[in-house]
Amino acid sequence: MNSIVKICILGVVGVMLALQFKTGKTEYSIYIGAGISIVIFCFCINQVSAVIAQILTVKKYLNGGERYLGILLKVVGITYICEFAAAICKDGGFSSVADQIEILGKISVMLSGMPILLAVIEELHGFM
């Protein structure tokens, strides 16, 4: 919890610093925002080890459903990466590029989740 507070403070201070440059040196404002975003993203990556430990615990209880867990992780990764990239594009003033990245992310999530949908349909078809 303490580290979350530190990261939030870092984010707020970074935004306040970037706002100081927004009127005069706009490019510095964008660089500061991108830099703070990267630092926070790196912190998130460091937290992945704790998530992986929990996922391995869940994996023990899945009987043959490990591939679905892999799909879930892939979908979460796609979501975070696309959201991160779109936010940086929006901060840079390229909202149309950000919108296209978000659309790409949604389509990728839909395609990645298709095997789960097919498995559910097969399971339902087996009951009929």
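How many nonpolar, polar and charged residues does the lining of the second largest pocket have?

**Entry 1: basis.** I worked from a predicted model, in which local features need pLDDT of at least 70, side-chain atom pairs count only at pLDDT 80 or more, and totals for chains, interfaces and linings use all residues. Residues are numbered from 1 along each chain as its sequence is written, and side-chain values use heavy atoms, with hydrogens and water left out.

**Entry 2: largest pocket.** I noted a volume of about 770 Å³ for the largest pocket. A pocket is an open set of points on a 1 Å grid over the protein atoms alone where a 1.4 Å probe fits, with protein on both sides within 12 Å along at least five of seven lines; lining residues have an atom within 4 Å of a point. The volume is the space filled by probe spheres set on the points, which are joined across faces, edges and corners. I found 27 lining residues, with Phe 41, Cys 44, Ile 45, Val 76 and Tyr 80 the closest to the centre. Helices α1 (2–21), α2 (26–46), α3 (48–61) and α4 (66–91) each give two or more residues (DSSP runs of H or I, at least four residues, numbered from the N terminus). α4 gives the most, with 11 residues. By class, I recorded 22 nonpolar, 4 polar and 1 charged (Ala, Val, Leu, Ile, Met, Phe, Trp, Tyr, Cys and Pro are nonpolar; Asp, Glu, Lys and Arg charged; the others, Gly among them, polar).

**Entry 3: second largest pocket.** I noted a volume of about 250 Å³ here. Of its 13 lining residues, Val 15, Ala 18, Ser 29, Gly 33 and Asp 91 are the closest to the centre. The largest share of this lining, 6 residues, comes from α2. To answer the opening question, the lining of the second largest pocket has 6 nonpolar, 5 polar and 2 charged residues.
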